[in-house]
Amino acid sequence: MIAVGRDLPSGTVTFLFTDVEGSTARLDEVGADRYAEELAEHRRILREAFRPRGGVEVDTQGDSLFVAFPTAPAALEAAAEALTRLGGGPLRVRMGLHTGTAQLANGDYIGMDVHPAARIAACGHGGQLLLSASTAALVGTKGLRDLGEHRLKDLSAPERIFQFGAGDFPPLRSLYQTNLPIPATPFLGRKQELAEVSALLAQEDVRLLTLTGPGGTGKTRLAAQAAADGAESYPDGVWWVSLAALRDPQLVLETAGQVLGSTNGLVTHIGQKRLLLLLDNFEQVVEAAPGLSHLLAGCPNLRLLVTSRELLRVPGEHAYPVAPLDPEDGAGLFLARARATRPDFVADDSVSELCARLDYLPLALELAAARVRILSPTQLLERFAQRIDLLRAGRGVDPRQQTLRATIEWSYELLDPAEQQLFARLAVFAGGCTLEAAEEVAGGGLDTLQSLVDKSLVRSREGGRFWMLETIREYALERLEEAGELPEARRRHSDWCLRLALEPPRRSRARNRPPGAHGWTWNTTTSERRSRSPRRRSVSTSSSSLLHRSGASGRCAAT
């Protein structure tokens, strides 16, 4: 979604994106003051070429301009004039043109046709003007050179690209050796995470990077986008290997070999090639992980990017935990998907609460957005008790991601019996717990708890607290009740809290409480807000009353 100004063209619009090639090097060369002067003159020339032909400036970021034109011929004429006037200047500009349907919603451009111009420009070179096939069809092919089909770094389907003019330039910076999947929706948000993963992949000592996180956090999308963005570093290609259908660890390297077309063994086939393998959904074949060490040892220029709900635990592994979205990106994802489903969708105050109660989990947000055809965000909140079944995907989706239940269930079924038991028992803690509480109340051993953390079903905070996303905790509570252990778990939790109530308050735990909070009671309020039904309360009514009378209910909730 792009923030825009006034008098925007609508309907069929041609978007123009400009970008200065080598801007960082130029800044280092001439210094900030000189570069600022050059950039100001550069922008003046661009705007003088664009405005008389109906160009409306949509956005300015750094040294880039994003402009919308009412017609494709006007956009091409303006871009060509700008290139001519900038010729020989200190800044080398590359431009991309794309024509599509402009959807306006609440003063914003939205939709799939907003971003391709920027992606097209990004694969060009300084002094080069590139057009999409849709723009070329409207201006005619005279003066255009057909550069063939290219996959852009947004991982969209191959796009035929044309060059204006007869200049000779190096090959486009597009994805030319890859089988990365074409996503059904654009990549949104995650700017910081994408930059961090890309930076890790660029480090010489990081040859095996594992993106971990619970199901539905968007590990695959983040990994695929990072792989695409770094494709220039891998002249022998970026290759995606889906492991979702495998159950036999012995087939992992064989499957990778089939993707690469190996006929003489994977190590021999890769040899000295410089390539990136993206191994997706490794958690159910994690026993194959030691084979990756052997593969890396025999292929010195190979990089492995892995997505998994649990760590591989092999030498040389670097882990990157993929958390749910931050609130701004979460709301942005929900709104984008909701408007794709219902273009006239208007956000209200309930959207923020809905996103928060979905833990800002990308899969949950997308499933919820699909429901706005018939349910408002407020109505979704009213039905929130059934969220893990209410939120359901449409056709053509991986069965493990059809519902929140299916996604969580897939992870649960990969646990051994001891892990399943502890996972369910930890649901009795509405606001999380300490290691001591987990051991005393849930009977959890340190190794088992660590395994649940490594498998992304339990999360840990600084200070030694362990907690679950509420969507995951709801499923765990069902398993606890199904096993017939819920009354006993509540009793143990109540006993633990009562014993704690008899101990002197440990003030060190409360030193970071909010201003005006007394003792431990502020944590009680948070926990009680999360426990909205009698079935989900973690302490029995009688014990809870006793705790309140003892003045220790806050300490119990903080345990």
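Which residues line the largest cavity? The lining consists of Glu 283, Arg 309, Glu 310, Ser 411, Leu 414, Leu 415, Lys 455 and Leu 457.

## Basis of the report

This is a predicted model, in which local features need pLDDT of at least 70 and side-chain atom pairs count only at pLDDT 80 or more, while totals for chains, interfaces and linings use all residues. Residues are numbered from 1 along each chain as its sequence is written, and side-chain values use heavy atoms, with hydrogens and water left out.

## Cavities

The structure holds three cavities of 30 Å³ or more. A cavity is a set of points, on a 1 Å grid over the protein atoms alone, where a 1.4 Å probe fits but cannot get out; lining residues have an atom within 4 Å of a point. Grid points are joined across faces, edges and corners, and a volume is the space filled by probe spheres set on the points.

The largest cavity contains about 60 Å³ of space. Its lining has three nonpolar, one polar and four charged residues. In this classification Ala, Val, Leu, Ile, Met, Phe, Trp, Tyr, Cys and Pro count as nonpolar, Asp, Glu, Lys and Arg as charged, and the others, Gly among them, as polar. The second largest cavity has a volume of about 50 Å³. Among the residues that line the second largest cavity are Ser 174, Tyr 176, Ala 231 and Val 238. By class, that lining has five nonpolar, four polar and no charged residues.

## The five-stranded sheet

Helices (H or I, at least four residues) and strands (E, at least two) are DSSP runs, numbered from the N terminus. Two strands pair if DSSP finds at least two bridges between them. An open sheet of five strands, with parallel pairing, has the order S11-S12-S13-S10-S14. Strand S11 (238-242) and strand S14 (317-321) are at the edges and have a single partner strand each, so one side of each lacks a neighbour in the sheet.

Five bridges link strand S10 (residues 208-212) with S14 in the parallel sense. Thr 210 stands opposite Ala 319 in S14. Helix H7 (residues 219-229) packs on the sheet and touches S10, S11, strand S12 (275-280), strand S13 (302-308) and S14. Contact means heavy atoms within 4.5 Å. The direction of H7 makes about 160° with that of S13.

## A hairpin

Strand S3 (residues 56-61) and strand S4 (residues 64-69) run antiparallel and are joined by five bridges. Thr 60 stands opposite Leu 65 in S4. The hairpin of S3 and S4 has two residues between the strands, and Gly 62 takes a positive phi near 60° there.

## Helix H17 and its partners

The axes of helix H17 (residues 417-425) and helix H19 (residues 446-454) come within 10 Å and cross at roughly 80°. Axes are lines fitted to C-alpha atoms, for helices over the stretch in contact, and angles run from 0 to 180 degrees between N-to-C directions. H17 and H19 are therefore roughly perpendicular to each other, a term for angles of 65 to 115 degrees. Ala 418, Glu 419, Leu 422 and Phe 423 of H17 make the contact with Thr 448, Leu 449, Ser 451 and Leu 452 of H19.

The axes of H17 and helix H20 (residues 470-482) come within 7 Å and cross at roughly 110°. That makes H17 roughly perpendicular to H20. Here Phe 423, Ala 424 and Arg 425 of H17 meet Ile 472, Tyr 475, Ala 476, Arg 479 and Leu 480 of H20. By class, the contact of H17 with H20 has six nonpolar, no polar and two charged residues.

Key
On a 1 Å grid over the protein atoms alone, a cavity is a set of points where a 1.4 Å probe fits but cannot get out, and a pocket is an open set with protein on both sides within 12 Å along at least five of seven lines; lining residues have an atom within 4 Å of a point. Angles under 35 degrees count as roughly parallel, over 145 as roughly antiparallel, 65 to 115 as roughly perpendicular and the rest as oblique.
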